[in-house]
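I opened this notebook to record what I looked up in the structure. The entries follow in the order in which I made them.

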Amino acid sequence: MGIMHPALLFVIGAVLAAVLNGTARKVALVAIPAVAFVNVGLMEPGTYGELSYLGFHLVTGQVDKLSLVFLHVFTLMALIGAIYGLHVADRWQPVSGFLYVAGSLGVTLAGDYLTLFIFWELMAFSSAFLIFLRRRPESLRAGFRYLLMHTLGGLVLMAGIFLRWQQTGDLAFGPIAPEAANLAAYLILIGFALNAAVPPIHAWLPDAYPESTVMGGVFMCAFTTKTAVYVLARGFAGYEVLAILGAIMTLYGVAYAIIENDGRRILAYHIVSQVGYMVCGVGIGTALAVNGAVAHAYAHILYKALLFMGVGAVLEMTGTCKLSELGGLYKRMPLALVATVIGGIAISGFPLTSGFISKSMVIAGAGEAGRTVLMLMLTLAAVGTFLSVGIKLPYYIWFGKDSGVEAKDPPANMLVAMGIAAFFCIFLGVYPDYLYKMLPLPVEYHPYTAYHFSETIQLLGFTGLGFYLLRKKMTPKPKLNLDVDWLYRTPASTLMRWDKGWVSPANEWVGEVYRRVGYRFALASAAFWSRFDANAIDGVVDGLATSVRDTGDLVRRTQTGRIQQYIAFGVAALFAVLAVAVSF
Amino acid sequence: MSALPRAVVAALDAMRERPHVLRAVFFGALVLFVLFDVFAPRHGGHFIGDRIRGFWALFALAGCVGMAKLIKGVAHLWLERPVDFYDRKEEG
């Protein structure tokens, strides 16, 4: 398996990021993902790293075409993210980032559910720190909500794994046919679906990602959801429920992106939307649709990271990414604008960009499978994508009304990272075979047909017209939009208020009563028991001791060592025995 | 500012100074897109829209306007809250 398990490489990277300083640390931060990327290129399909533990057969390295394509883009993304964060002084951010990548790579290579679960939890815990490390009260709260939701998802997954182990005695991680799916399979599916942000268990994503650090957001947008797409593609291809929920996801995310005001929250909702294409493709389950899902995951990681980097640069340089507080930045941050627009046209599927060659595969997969309604839903979501990320996002940050916000283009390392991602967004669009050769299933697909081109330019052009007509109504408002997290955040805050209003005061009252009454009573009773101990207990104990001592003394006096006295005692005892015997 | 960002800003400034040219190019392009669709070769579409000339133009315009109006309306009537909605609740 190449040089070593790539997850191990990133764990070493995390240690180096924690202990090294200065240039050596920067070299390590770039070298580790670069070596991992080359290492993936050297991997050959096969089964590696098998071990036996407590009677379980564990496989830490299941390498095939499906895992290779994900490993390829994950390590490339880790390299881009590491370069983007090179200027960050907080050493714990890259440490958390690398452990998070290690978790993701470990899941991708896991051949059994136990190994998968361990890396799955490593991902959840290490990524939570990418939110905590923003060090704002809002981030702390969002981070804990994120961690709680993922712990819940992890428990459901674990329940599914245990149940499956009990039923089959087998922990191997592989496809489960839809006809053979039972409760265990569906519990595992729910655990995976939570990480893929499938509604209604998606709200953790738009809640937490916008609260992460600038560098953390770039890492998080790539790994959690796409690792979930990978495990769904491996385990649950062809599940109807995924096809339907995936199509709903695409529209759900887009709808919220249209009304959102926070730039990174718009992008977070677009993760829900874009991952919807992948979940739908996996759910349809034909070779074209599954290949489309995988291709879209690859393309999506790069353009979504580019978007998060562009808007993250705005946040880094201005302190905000709320559209209502920005505007007119094109003169001050032109390069960040160029990068974001390239990400925006790629996600919208412009010809010659990566979105054109990947999204269309999923849509064509839906069409070819005769799923016309799903196909139209996915196409409508593409319209909403261009409207909200392709036009609205750059328009209100870089154009629109000049906000007068002071800004300049970000540091060179951030621009280099954006440049690499932008290059891949165009490169994949121009040379799709680079990606198509890596896809897991053998299938013929040609994106550049006259009709597909015509369809795309119409969709994009007339979405532009729609925005032009609606531009006054599209102005983002500084508001919060309710999502299903309301269902747990409101009861939780009610519970907190109840705690503050009743439980906590009651607890304090009891404490006060104890201090005033109980404490004195305790002191008084302690004094009483002390006296009782000194007089009564000690008296009894001392008395007992005295009598033992006196008896001992008496016995001692009889031990004279004189033979005449012993004979006299012996004769006296003999007479006593005889007297008793005669009297009966 | 080095050459590349300066060139980007200059190009954008030039476009912003000529809004009528931009509009003419944009609407001209839309007409060309529909014309291109009329003549584009199509092969065995999966669905009726694939056979109607200019279908996707109409789909995009209606979808874009309809979706934006619908979700803006839902947000206005139901989803919108003040920015500190949860903070006030959570801080009690």
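I recorded the conventions next. This is a predicted model, in which local features need pLDDT of at least 70 and side-chain atom pairs count only at pLDDT 80 or more, while totals for chains, interfaces and linings use all residues. Residues are numbered from 1 along each chain as its sequence is written, chains are lettered from A and ligands numbered from 1 in the order in which they are written, and side-chain values use heavy atoms, with hydrogens and water left out.

I turned to helices (DSSP runs of H or I, at least four residues, numbered from the N terminus). In chain A, helix α1 (residues 6-19) and helix α2 (residues 22-42) have axes (lines fitted to C-alpha atoms over the stretch in contact, with angles from 0 to 180 degrees between N-to-C directions) that come within 9 Å and cross at roughly 175 degrees. α1(A) is therefore roughly antiparallel to α2(A) (angles over 145 degrees; under 35 is roughly parallel, 65 to 115 roughly perpendicular, the rest oblique).

I also examined helix α15 (residues 372-398) and helix α18 (residues 450-470) of chain A, which pack at about 55 degrees with axes 9 Å apart. That angle makes α15(A) oblique to α18(A).

Notes: Helices (H or I, at least four residues) and strands (E, at least two) are DSSP runs, numbered from the N terminus.
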